[in-house]
Amino acid sequence: MLSRRSIFAQAWPIMLGQATVPLVGMVDTVVIGRTGDAVALAGVALGATIINFLFWSFGFLRMGMTGLTAQAQGADDDTEVRAMLARGLLLGLGLGILLFALQWALVPLVLGLFAGAGELDAAAGGYITARFLGAPASLAVFAVNGWLLGLGRTRSALLLQIVMNCCNGILDIWFVWGFGMGAEGVGLGTAIAEWVALGTGIAIAARILGPRAVSGLRARLFDLAALKRLFAVNADIMVRTVSLLLLFAWFANAGARLGTETLAANQVLMQFVSIAAFVLDGFAFTAESRVGNAIGRGQSDELKRAIRLIGEFSLAAGLFFALATGIAGSWLIGLIATDPQVRALAREFLPYTALVPLIGVPAWLLDGIFIGATRGKALRNAGVVTTLLYIATDFALRPFGAHGIWIAFLISYAYRAGTLGVALPGLMRGIAEQRASP
């Protein structure tokens with residue numbers, strides 16, 4: 001039965017696991033930040049932004065996989081559930097290898113789009129080159145994680161994240177503090193951790209599927225209708241993801257325009273935003289799984305109840321993180337960075353950061369609903385419109401300097417919620433009509 005208890009039981013491992021996702025960036029930032037090298041810290045910030053842009057352009061491997069797997073499970077199609085994992089792994093590894101092969105052209109091109117120069121570009125370039133070593137594993141892990149979430153195997157997804165982040169933290173400290181490798185060492189540690197995570201994910205999936213893991217796969221793996229649906233959903237989600245990544249890259253570049261210290265300070269503050277967003281995504285991912293299952297079973301009443309219950313949890317969690325950031329943020333900034341100017345700037349803009357978890361709740365929840373329903377076109381349109389409106393707002397607020405950058409960023413979450421909110425009634429009508437049709 002769908003209840004608050006069952007929702008929370010499914011959500012808490014995702015929340016804990018998602019809390020560890022930004023710890024990759026947090027550990028990277030702390031390890032470099034404690035060296036007192038503002039250029040290296042800014043280099044990791046710029047490099048991480050570029051890598052996130054490139055790698056998360058393929059984030060549809062996680063999002064599309066979750067909704068489609070949940071719907072297959074809801075329809076009791078076990079063979080399709082297994083085929084989804086195999087398709088996701090093959091697609092992730094193949095795209096990752098292609099990305100690795102094209103890095104010689106991609107890295108200079110993307111670095112040229114950002115407002116860096118000299119030592120900053122050198123530090124960012126070392127980090128990016130090292131991270132590309134983990135590209136195939138990183139993309140394949142997206143698929144494994146999405147498959148686990150689609151099945152509601154949230155504790156397995158948690159284990160996968162814990163293994164990767166523990167490995168990343170140990171290697172970062174070893175390479176940077178032990179061998180003095182700087183930004184390059186941070187990137188290398190993360191790349192190795194991604195390969196360890198892929199091996200762990202495959203082992204977890206094999207245990208879940210048991211001896212029937214490959215049963216019936218040959219006939220279904222390249223099923224034309226399933227492949228067409230997979231690529232159609234993923235193409236739309238990819239456009240949406242790239243649009244939102246452009247939004248975050250624009251935000252990072254806006255900080256770089258105002259100097260290395262502002263970029264570094266924004267990187268520190270984005271750790272708080274990332275932790276809140278990833279934890280609140282725990283409820284969004286629960287929505288993906290619950291919505292997908294309800295659609296697979298044709299249960300519109302269950303769908304509405306899931307949205308209402310998950311919305312209650314999301315709002316409470318957003319309020320908690322807003323208060324926690326406002327109360328403990330200044331102290332945490334002192335732990336993360338040692339450069340006095342970076343600390344001062346980060347504390348000045350902290351109030352904006354504290355508002356993000358509360359303002360972002362509707363956007364993250366609606367993302368989960370539409371991803372679980374595999375409504376790729378609505379997600380695509382919302383992502384493109386949001387990014388265009390954000391860029392226009394950023395230009396309009398430039399006279400306000402760094403404060404304008406953060407205000408535009410906050411408003412972007414309202415754009416995301418509004419564009420998807422407009423499409424929500426149509427989604428609900430479509431699901432009700434689908435249930436009513438013979």
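This is a predicted model: local features need pLDDT of at least 70, side-chain atom pairs count only at pLDDT 80 or more; totals for chains, interfaces and linings use all residues.

Mentor: Residues are numbered from 1 along each chain as its sequence is written, and side-chain values use heavy atoms, with hydrogens and water left out.

Trainee: How many helices and strands are there in the chain?
Mentor: Helices (H or I, at least four residues) and strands (E, at least two) are DSSP runs, numbered from the N terminus. Here the chain has 17 helices and 0 strands.

Trainee: What percentage of the residues in the chain is buried?
Mentor: A residue is called buried under 20% relative accessible area, exposed over 50%, and partly exposed in between, using a 1.4 Å probe and protein chains only. Of the 438 residues in the chain, 57% are buried. As for contacts, meaning heavy atoms within 4.5 Å, those with a separation of 6 or more come in 86% of cases from residues 24 or more positions apart.

Trainee: How should I check the length of a helix such as H7?
Mentor: The expected span is 1.5 Å times one less than the number of residues. Helix H7 (residues 135-150) has 16 residues and should therefore span 22 Å, which agrees with the 23 Å between its end C-alpha atoms. H7 is also mostly covered, since 16 of its 16 residues are buried, and Gly152, which follows H7, has a positive phi near 75 degrees.

Trainee: At what angle do H8 and H9 pack?
Mentor: Two packed helices are described by the angle between their axes and the distance between the axes. Axes are lines fitted to C-alpha atoms, for helices over the stretch in contact, and angles run from 0 to 180 degrees between N-to-C directions. Helix H8 (residues 154-178) and helix H9 (residues 182-209) pack at about 155 degrees, with their axes 8 Å apart. H8 is therefore roughly antiparallel to H9, a word used for angles over 145 degrees. The contact of H8 with H9 has 16 nonpolar, 8 polar and 2 charged residues, where Ala, Val, Leu, Ile, Met, Phe, Trp, Tyr, Cys and Pro count as nonpolar, Asp, Glu, Lys and Arg as charged, and the others, Gly among them, as polar.

Trainee: Which residues meet where H13 packs on H14?
Mentor: Helix H13 (residues 300-336) and helix H14 (residues 340-348) pack at an angle of about 160 degrees, with their axes 10 Å apart, which makes H13 roughly antiparallel to H14. Ser330, Ile333 and Gly334 in H13 meet Arg343, Ala346 and Arg347 in H14.

Trainee: Is Met164 buried or exposed?
Mentor: Met164, which lies in helix H8, counts as buried because its relative accessibility is 14%. Leaving aside residues up to four places away in sequence, Met164 touches Ala193, Glu194 and Ala197. By contrast, Arg429, found in helix H17 (residues 401-436), is exposed, with a relative accessible area of 52%.

Definitions and conventions:
Angles under 35 degrees count as roughly parallel, over 145 as roughly antiparallel, 65 to 115 as roughly perpendicular and the rest as oblique.
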